[in-house]
Amino acid sequence: MSNEEYTGTIGRIVEYAVHNATDVYRLGFYVGLTSFIMITLFPFYWLLVLAVTPSDQLYQMGVLPESFDPNVFITVFQQYPLHHYIFNSIVLASITVVVCITLGSLAGYAFGRVDFPGKGPLLLLLLVVSYFPGIAFLIPLFELLTGSVSVLGVSSPDLYNTPWGMVFPFTMLSLPITIFILTTFYEQIPDGLEDAARVEGTTRLGALFRVIMPLSAPGVVTAAIIVFIGVYREFFFSFIMTDGSPENWAVLVYGILNFQQQYTTQYNLMAAASLMGIIPIAVLVIFAQDHIVRGLTSGGLKE
């Protein structure tokens, strides 16, 4: 193609785009959406292909499975108590959500609706702390939660192999984002609604739980789901604070790693266990998607 033909082709494309901007935008939107869906869903599809492929065909597998073995989803529960690991992750995440929403609501109310000296610097400090990686707190937290710290002759409690040894660091890492989300929503509630509740004899704490939180339900649900997902998939502190047995509150990732043995790795079983572990999160997001969308969109609006 000559330069003149190339320039002419580009010119026609530009002219078409200028006169048909709506069609070009729509095409770009669908191309971007399709690319995003493919990139996002392909790992799950690959897990499914890996899970249903028999062990003796794993090294010859392609994009499409050559055979299908659905019994692998039963085998993962027969070899190890995967359901117990999933249950542990759900319980730990639920406890962390309750603690974070309770403490985050109190802090969010203070930052969002109460004027006090140093509020701005404190909020900035909270933001800075939230960006610290979890590994930065590993040694002090491990010493604190395993009874190795003593103050005035009183030793810290030994929380190893207990749920509280994991809930504490989970809460510490999840609380900053919870406070920021709830602060954004709580400060948008009109003062008149809280004042009306106060006139009726409700305290500030009562107004928070009876008026502010119900009116900020999308934000509260969004914060709860973000914390739940973050804790459900967490492994680092769980690996440090438990010995890996389901009776001692080992989490889902421990159950998946059981299929990685000293000399062999059962990749199809690991993939099947991963897919089974995703189900609780998928169900949660499906049922709460309306609250998530409202929470993420209305959080940036000021009344």
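The structure is a predicted model. Its chain contains 13 helices and two strands, and 35% of its 303 residues count as buried.

**The chain as a whole**
- The accessible surface of the chain amounts to about 18000 Å², and carbon and sulfur atoms contribute 68% of that area.
- Among the contacts in the chain with a separation of 6 or more, 70% are between residues 24 or more positions apart.

**A nonpolar patch on the surface**
- Eight residues are named here as a nonpolar patch on the surface: Leu122, Leu124, Leu125, Leu127, Val128, Val129, Tyr131 and Phe132.
- Together, the residues of this patch have about 770 Å² of accessible area.
- Phe132, one of the patch residues, is located in the loop that runs between helix 5 (119–130) and helix 6 (138–145).
- Phe132 has a relative accessible area of 44%, which lies between the limits of 20% and 50% and therefore makes the residue partly exposed.

**The setting of Thr171**
- Thr171 belongs to helix 7, which spans residues 164–186.
- With a relative accessible area of 9%, Thr171 is under the 20% limit and so counts as buried.
- A polar atom of the Thr171 side chain lies 2.8 Å from the backbone oxygen of Val167.
- Leaving aside residues up to four places away in sequence, Thr171 touches Thr96, Val99 and Cys100.

Terms used:
Residues numbered from 1 in each chain as written. Predicted model: local features only at pLDDT ≥ 70, side-chain atom pairs only at ≥ 80, totals over all residues. Heavy atoms only, no water. Patch = residues over 30% accessible without salt bridge, like charges linked within 9 Å, V, L, I, M, F, W, Y side chains within 5 Å. Areas by Shrake-Rupley, 256 points an atom, 1.4 Å probe, with all protein chains shown as cover. Salt bridge = Lys/Arg side-chain N within 4 Å of Asp/Glu carboxyl O. Helix = DSSP H or I, 4+ residues; strand = E, 2+ residues; numbered from the N terminus. Buried < 20%, exposed > 50% of the residue type's maximum accessible area, 1.4 Å probe, protein only. Polar contact = N/O pair within 3.5 Å; in protein donor to acceptor, adjacent residues only side chain to side chain. Contact = heavy atoms within 4.5 Å.
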